[in-house]
Each structure stands twice: as C-alpha cells, then as structure tokens.
Amino acid sequence: FSISTYNKLWTDAQESLDVLLQGEREVKPIKDHVTAFKALATSYIKYVQVFRNLDTAYEQIVHPQKRLAIRQVLEGVMGRILELKNDMVTLENSEYHYFDDILQDLKLLPEHIEIPIPKYFINENRKVLQEREKLLAEILVNAGFQTQEPVKCMDFEEAIKMIQVAERARQGRLRATFMKQIYLEEKRERQAKLQGKTGPNPDDAATCIQKIWRGYIQCKKTEKIGEEEMIFLGMVSDNNLENIKYYNSAIQIFTVSTSMLRAREVNILRGEVQQRHENDYQKALVHTKDRLKQTEGLDIKETLQDQIRQCFIECRNIIGKFPDYPTEEAGGSTATFSQKTPDQVDEELTAKEEAALQKKPKKDKEKEKEKEKGRGKEKKKEEKQKTEKKGEEEGWKMAPSNFLPVMEEGSSQYNAVWNNRDEGWNFLQERDPELIKQEKREEVEKEIRVQVDEVMRQELKNLKLVVDKEQSDEQKKGKKIEKVRSPRISELSLVHRTIDSLYKELAERGLLIKAKTVNLSDYVGKYSYLGTALRQADVEPMPSLSDVRQLIALYAILPLGSQAVHEKAPLVKAMLLAGPAGVGKKMLVHAICTETGANLFNLSASNIAGKYPGSSGLQMMLHLVYKVAKQLQPSVVWIGDAEKTFYKKVPKAEKEIDPKRLKRILPAFLKLLKAEDRVLLVGTTRRPFDADLRPFCKVYQKIILIPRPDYASRFGKYFKLPSLIITILWKHIILQNGGVVTKTLNLSCLAKLSDGFTQGHIFQSVQTVLSERRMLQMTKKPLRAVEFMTSLARQDPVYKEEEETFK
C-alpha cells in the first residue's frame, strides 16, 4: 500500500511540475507591478507545493534508482524556489512578502507554504557527523572547555548484589502474577458451582454493558448542558470552549502513545531498508560495469575506431586534407565526429581561415581602440536610454533560471523511464538491473572512447606525415613553459599540516565550538494575516516569527544542505540577524548548524580578543578558518555583537579587546568564498544602529529583522503539518519546562499582558515560576496566570521607540 501511495504522490508532483515548466516556457513581459508580483508569488507557492510532495516521496520511497531520479528534480525545485524568492525581493525591495489573497484564491493555509527541511541533509552524512562530534567533544574536554561527567566505578561484589536484587524482584513479580491467575480461576470455579452453571449469565452481562453505556451518555449530556449554561451566563465564549478542546487534544497528542512509537520504529526500519538497497545498488554498479567491459568492450572499441577512420576519409575527400583532432578538453571525438557531419567540419575550418585573414596589425588595432574610446561614452548613454525605454515598454520579465534545464531533464527522464513502468515483479522495490546496464554501457563507452582517442590521435599524426607531409604543432612551435605562482607565506606554513591538526588547533583556541541541538521547528511563531492589508494601506508591517523562520530556511539551510543548489542558486555569502535581546538570534544560528550538520566557528570580538595577535596573526587565523571551513563544509562562521566590528567610535571599556580587528579583512574573506564553497557568514546584533552603516551593510548581503513575538505567536494556534500538533508560545514553553496546562491557566490573559516581551523574557519567567517545589504542588494546585506576572514585571520589555529604531 505504501509503495503505491508514494508512487502516486511522486506522479502528482511530476504532473504539477510539468504544468509549471510549460508556464515558464510561455512567460511574457508584465507591465503592472502588482500583476507581476502576483504571478511570481503564485509560481513560488506552487513550486513549494511540489517541493513538499517530492520531499515526502524521496523520504519514504526505498527504490534506489527512483530516489536518484527524485533527488535530481528535488534539488532543481529547491533552487528554483530560491530564484523566485530573489526575484520577489528585487521586485518589492523587501525581504518579507505576504500572500494572504493568493492563498485564499488557491484555497491553501499558511502551513501549506512552510518550507520543509529535507532529512537527507543529515541522514546521508550521519556517520561522518557523529565521528566529528566525538572528536570535537574529546578536544574540548582535553582543552578544558567542557567538563566530562565522572563515571562511577562499582565493585564486583556490589554489582553481583545489584543483579541479585533485580533478579529476585523479577521472580517475585512473576510469582505474584501466577498466584493471581490461580486465585481468579478458583474464584470463577466457586461462582460456577454456586450458580450451577459453567459460564456467566448473558442477561447479567447485557445489564452491565447497558449501565456503563447509559452512564457514559449521561456524562456527555451533563457536560454539554454545563457548557451551554456557561455560555448563556456570559462566563465563557464559544472561542474559549474551542480553545479548551484544542488544549485537551494537544495534551493527548503530546503523550507518547503506542501508535507514535510504532511509527518511529517503521521510520527506522524504512531507513535501514533504504540503506541496504543503496548498498546493493552501488555494488551492482561496479559488478555490471566490469561485466560489460569484459563482454562488450572489444566490440565497442572496434566500432568507434571504424567510425573515426571513416570520418577521416570523408573529410579528406571533401576538404582535401585530414581534419584536426579535437583535444580532450573539447571532448575528443564526441565533440566533432559523433555529432557533426563532414560538411559542418568544412564550414568551421573555412570560417577559421577567413577569421585569420581578416586579422589586422597591432598598430591599426590600437588606432581603432583610441577612436572607440571616444565614442564609448556616447554609445553607453544611448544604450542606457534604449534599455530604459525598452524596459518601460516591455515591462517586467522573469529572470532566466539556472535550474530549468535540471528540472526539464528530470521530468523527461521520469516520462521516459518511470511513468507507466511495469513493476509487478519488483515487490521489494530493489534495484532494476536493466536500467543499470543502460547507464553503465554509456560509461563504458565514454571510457573506451578516451582510450580510442589517444590511439586515433597518434594514427592521424602518422597519416598527416605520410599523406599530407605536415609537421605537428609541437614540432613547429615547441613546448610552452607554464609559469607557477609563488605561494604566500601563510599558505606555505599550512602546506604540510593536515586538516585534523588545523581542526584541533581551532577547537583548542575556542574558535571552533559545538553547536546546540536545536531544530528550526522549535522556533515557534504564527503567520501574520494582516500583511497584505497593511501593505495596500501604505503601512509596512512588522514581520512575524513565521516569516523569519521561512527566511532562515531559504537563505541558510537549503543552500548549505545541498551542494547542487548552492552552486547555481543566487549566492548569499553573509547574513545579519538584527533584533532586540531575547528574540532567538543565537538559537537560529544553532538551528542552521543542527539542520545541515555544519561546523560552527565563533569569530565574535570578545572571543578572538588576544588570540593570533598582530596583522599577520589575524591573516593566519582567517586563513585557518577558511581552509577548515571549506574542507569540512558546510560551515557557519558566526560573529556575535556584529556591530562592534564596525563601531563608529570604540568605547573606552572595550578598547583592550580591539573589537574592530576584523573590519578591513572581512571583505577580503568574503571574496575568497565561491559558489562551490558552502560557507556562510552569520552576524547577530542587538544594536545595529551603533555601527557605521555603510561598510556594515556592504559586508552583510542580507539583513533580517527579527521582531518580538506578536499576539498571534504568543497565543494563536500554530499547526505543524502533517501531524497537526497545536503549539502556542506560552504553552510550548510551559510544557517544555515540565509544567501542566489546565483550564485554570488563562493563556489569553498571559498573551495580552506579555505584549512587548520577547521569547527570552517568557522563558525566563516560566523557569522562575516552575521551581522544584512548585512542580511537586502541580497536581493539587494547578498553574494560574497571576504567578507569571511578578517575574515578567521585573524585566524590561521592548518599547515602541526601540522597535521603530530597528524598523
């Protein structure tokens, strides 16, 4: 059943993707700004739907070759989502977007556009991450940054006594249950003798069942009458009753049941099956390739040589001489002989000869360049004017995508191979040997073609010498001498050192730290439903915590988790999280590392003070960080209190730590990062307005405002799909700290009175109230809202003036 279900989910996702790709091919310029954004947002939402379905299918399907096909399309869709997000940012000049009206038209909930985090980011590198985590823990313990819990030793006699006590207790429990069964059997026999019957009376049994059922029905009726009476008296509203029901259902969901445990077991078993099938598939690839080389290798080699020789003869008959053999960089014989006819080769050669004849002396070129310089400015002005006019006339047009070819290739592969494929023989969803043969036959042909190219290249030289009497280019010009760049001093000092030694040095210096295990879903927050209405009224709304969670997933987690996405998607090298204290900036940094398995480097001003002194030491430190981060990617370089690096004027109290050490060298560090380097610089700041904004904003490409939680996030229902777990910020934190939420705790009152306070304030207040003594009194004395007010009142909230300054 599950195989057909997830195959159907994959099919639906591919059909939706085909419709989107067809729309991408037929895109026309849009003049209206609002219409352009609506088209972009609609496409973005539909791609997110496809992404969610493909992610679920990839996670659940166990067929190794299907997973490869899904993975290709999944990464293409991820990259396209990032491109559409970038287009929306450039169109609206804002990082935050609101889709209330579009979601209403598509009949979707905000939860349906939540960006999922693919589990394969961690699962496919779990062994490497666990080994690295153990190594880092050992280094931190030896360096004194982390204390190891002492292991209690036990004597041999004490261990024997403990085992004996446990065994006697087990035997006693078994004896008690056995004696209880004997007692119950004897009791039944005595009752049967008294009644003169061998079994219970059917009338008595029916009466007992009727009593229990009538009592249950009467309890439900009484409860309903009580609720109606409370609503009639105005003591409780309908919404509060619904909230109470939601709370009760949430408590039931949070209790671990046998079905949830069974679901976890199934997920573990599915992962084991996926890994076993993947290992079998990898072994079959090697075995099939070796067999094909043995059986078909000679035939492939002979046919290739015959084809190339025939091409030599045809080209000489048409041109009058033998053609030049393509180099390995150009693709060898595949570049010319297998794809082009002799006529096409002749046209290319004649075009090269004409281009060589048209070349002019250097003096003429220099004169022409001087003349062109004078005309250059006028041409640029004219071109700008033309492009502006064209832009006004044509309107907005979607930027070209780097991921459309990937998605189209994956879609065509699905239609050619997997759509309507008969898999009745493959109930266990193991590898398909025929597909492996097709794939490996192409690889074998490529490898043999490289060998054939070497042989035929030499054969062509011999033919030219004998028939055309030509000399090779090497004999005419001689070999060119390549110049080798001399390495820098910092590079020379690290050449002979291993990555493990550099990793250890950074950990011992405290620059490489252990990330806390925090998931992005733990950052609880609700979607803002007033964004579109406020924007239409020319009022810029404050972003919600749900919007922040989306941006972290799009700009940090998805690119860092996938190499293919990071190389082609819009490159984000640096990101700044700005907001008041306690809104969860550091938590988000740790969540990025947890979801992607990234290393965490701490380059905060307070952490690097006194380490690697001097300018050369600073260069050495950044070179160390860059080398380890690039080699063991993905990596996150975190700078806490990022405004200190760009202080306008350094305070006297902080002059000793020299907080502006990184100001000049950070731009150079970012220039080193390329598209293939999954390294992200993340800064966090609670006072960005203290920095010199011009260089500050040049370093951090994306600046994300993280506000305090609004009323909806503090109280409103947040559904976490697909299990529909209802979480509320106050309730989430209380349950997280071991508290129990009952009807006596007025969460709505808490949400209203905590306006202006951050998640950190709420967390601190809950921890203060829920002491050990209060936890013991929980059953007799349930929690009330008044208890949290005292601890909240002792903390300073985020005032409107500070919020406006951040905004």
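This is a predicted model: local features need pLDDT of at least 70, side-chain atom pairs count only at pLDDT 80 or more; totals for chains, interfaces and linings use all residues.
Residues are numbered from 1 along each chain as its sequence is written, and side-chain values use heavy atoms, with hydrogens and water left out. Searching the whole structure turns up three cavities of 30 Å³ or more (a cavity being a set of points on a 1 Å grid over the protein atoms alone where a 1.4 Å probe fits but cannot get out; lining residues have an atom within 4 Å of a point).

**The largest cavity**
- Its volume, the space filled by probe spheres set on the points, comes to about 220 Å³.
- There are 21 lining residues, and His97, Phe99, Ser546, Asp547 and Gln550 lie nearest the centre.
- H20 gives the largest share of this lining, six residues (helices are DSSP runs of H or I, at least four residues, numbered from the N terminus).
- Domain 1 (3-119 + 399-418) and domain 2 (499-707) both contribute to the lining, so the largest cavity sits between them; the domain bounds come from an automatic or database domain assignment.

**The second largest cavity**
- This one has a volume of about 40 Å³.
- Its lining is made up of Tyr555, Pro559, Val565, His566, Ala569, Pro570, Leu571 and Val572.
- H20 turns up here too, with H20 and helix H21 (563-568) each supplying at least two lining residues.

How values were computed. On a 1 Å grid over the protein atoms alone, a cavity is a set of points where a 1.4 Å probe fits but cannot get out, and a pocket is an open set with protein on both sides within 12 Å along at least five of seven lines; lining residues have an atom within 4 Å of a point.
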